[in-house]
Amino acid sequence: MTSSSDITAMTVPELRAALKDGATVAGITEAYLDRIAADDETLGSYLHVGPEAALERAAVIDAAGTAGTGLAGIPIALKDVIVTRGIPTTSGSKILEGWTPPYDATVAARLKDAGTVLLGKTNMDEFAMGSSTENSAYRITRNPWDPERIPGGSSGGSSAAVAGGLAPWAIGTDTGGSIRQPAALTGLVGHKPTYGSVSRYGLIAFSSSLDQAGPMARTVLDAALLHEAIGGHDPLDSTSIDAPLPVLAEAARRGAGGDLSGLKVGVVRELGGEGHTDGYEPGVLARFAEAVALLESMGAEVREVSAPAFDLALSAYYLIAPSEASSNLARFDGVRFGLRVGDDGSHDLDEVMALTREQGFGPEVKRRIILGTYALSSGYYEAYYGQAQKVRTLISRDFSAAYADVDVLVSPTTPTVAFPLGARVDDPIAMYAADLCTLPASLAGVPAISVPCGLADGLPVGFQIMAPALADDRCYRVAAALEAAQDAARGHRFLDQLALRTATSAEGAA
Amino acid sequence: MSTLSRKDVAHLARLARLAVTDEELDLFAGQLAAVLDAVAQVGKAPTEDVPPTTHAVPMTNVMRPDAVRPSLPPEAVLAGAPAAEDGRFRVPRILQEEA
């Protein structure tokens, strides 16, 4: 008999094997619900958990006899930015408190059709604006590696849940790094797909030209399996790319074989290289350099690549994203859903809107709406928003030039390991710097993955692999090679270190 | 390039329908001036003859068949509204003057 802690440490192929071997979906779901009940009060990874609905759903799949095929019977958590029919969805904001969506996002619908069991909705920075999940209007989320530190953001609920054993995997969304950065800081694999390759239908919009949903998982293969389940053309999203998804799980399996001969890898100088190390922790740079050497030892040809426009990615992003947000968030007007404040007969519609938005939005959301309103206003549009869009072109050109010479580009995923709770929350500029390495791929719409590459000061460090548009398979191949080589050298999986440490400290306390 | 005063922030908040408090104005004016200073660096880029990118995937006029599909039932949509009446969204008065 497998214990519930064994179950919640399993990868998805292991869960699938267990299901084929006689384990029940109900049993697996219960094991996760037990972990959530025991740990989530402290961890804060979920905003909504639906135990009854999950167990009902598990029973249906057990009865259908499909468990163990495809993704049938595998539990999952969704970031609360994804609308789910009949299940509360807040996007981390008070303005949507109590709202129950009347429809499913395409991502949610595809996972439902695949037979997954929804455990709940995960915490996030309000409207995905943040890098630490401290901007959630509801609660903070802690990092399972150190409860006094942030789990990254904005998909920090998803990262904490998966790293902490409260979900086998989860969906996050990435606008400027919100999948990759939290994955890096909690020792997970997180992939931002090519823009347009995963449907945005039913994602509560933050910055429409950048938002993209993707997998957060414990292994590269798990991430690939989840990505294959959600990706592909969707007529309900007019920005969806009408092209077949590359084969991802197979790319991960092939990559794990460890042969990278012929692969050309470009190390981006502007992201932690010579002359660009300000703000980067030495431990992060050391783990990164070791991982690059490991790729080389597997046959990859490594060279340095310069992408000068990347230096301006942060500035361009923090103009483009707030501008699009100021427009997208206009829909929260207190008329059709969520909160309404001041509707007492003494205020007209305009005043009710302003009072509703004042009470319903948190400080970071207000800051970004104001900044975006400014950047789009007449007289400033060309100097700010227009100029940022041109910088975006320069960044895409740097990518194209680099991909003429190399197959993938690599960098650290984040300049630092997870920082302490509260350390940057009052300093927007310091908070924004957490996205330094992830922003270029977001602006260019190219795919990028973060895979663990060791520990610095006992905390996870992420390795980012970027590929050309629609070549997501390259990210999975290289990430899987790195993961397999490191696992072999270590003798166990990366996340097993967290379980070992937790076990040791529990013994110490007892 | 310009900077953001407290008065500018108040004006922008009004445009964006945010009834911000005096404390927020004080806080945001300082923070946003610093952010604006940082993002103004985009002005340093050599962008002569560079076209803007609005979207990473070049697409124009994406069409789909003009087919009738069932829409959401009105009661399901109105269930999420702060106020509804007679099968419609109920809103506060729009005009200042009494009718």
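**Exercise 1. Describe the fold and the overall extent of chain B in this predicted model.**

Solution. Begin with the secondary structure: in the predicted model, chain B contains three helices and two strands, and these follow one another along the sequence in the pattern α-α-α-β-β. Next, consider the dimensions, for which the C-alpha trace of chain B spans about 55 × 45 × 25 Å along its principal axes. Then set the radius of gyration of chain B, 23 Å, against the value near 13 Å that a compact globule of 99 residues would have. Finally, turn to burial: 21% of the 99 residues of chain B count as buried.

**Exercise 2. Determine how chain A is divided into domains, and what the side of domain 1 that touches domain 2 is made of.**

Solution. The division assigns residues 4–311 + 392–509 to domain 1 of chain A and residues 312–391 to domain 2. The C-alpha centres of these two domains lie 28 Å apart, and their contact takes 34 residues from domain 1 and 27 residues from domain 2. On the domain 1 side, the elements that give two or more residues are α14 (382–403), α15 (428–432) and α16 (439–444) of chain A. By residue class, that side of domain 1 divides into 19 nonpolar, 10 polar and five charged residues.

**Exercise 3. Identify which residues touch the most other members of the largest nonpolar core, and trace where that core draws its residues from.**

Solution. The core holds 186 residues, of which A:Ile76, A:Ile465 and A:Ala479 touch the most other members. Helix α11 (residues 313–328) of chain A gives the most to this core, namely nine residues, while domain 1 and domain 2 of chain A each supply at least three. To examine one of these residues, leave aside the neighbours of A:Ala479 within four places in sequence; its contacts then include A:Val189, A:Val220, A:Gly255 and A:Ile465.

Notes:
Residues are numbered from 1 along each chain as its sequence is written. Chains are lettered from A and ligands numbered from 1 in the order in which they are written. This is a predicted model: local features need pLDDT of at least 70, side-chain atom pairs count only at pLDDT 80 or more; totals for chains, interfaces and linings use all residues. A nonpolar core is a set of buried Ala, Val, Leu, Ile, Met, Phe, Trp, Tyr and Cys residues joined through C-beta atoms within 7 Å. A residue is buried if 20 or more other C-beta atoms lie within 10 Å of its own, exposed if 12 or fewer, and partly exposed in between; C-beta atoms are placed from the backbone. Helices (H or I, at least four residues) and strands (E, at least two) are DSSP runs, numbered from the N terminus. Domain bounds come from an automatic or database domain assignment. Two residues are in contact if their C-beta atoms, placed from the backbone, lie within 7 Å. The radius of gyration is taken over C-alpha atoms; the globule rule is 2.2 Å times the number of residues to the power 0.38. Ala, Val, Leu, Ile, Met, Phe, Trp, Tyr, Cys and Pro count as nonpolar, Asp, Glu, Lys and Arg as charged, and the others, Gly among them, as polar.
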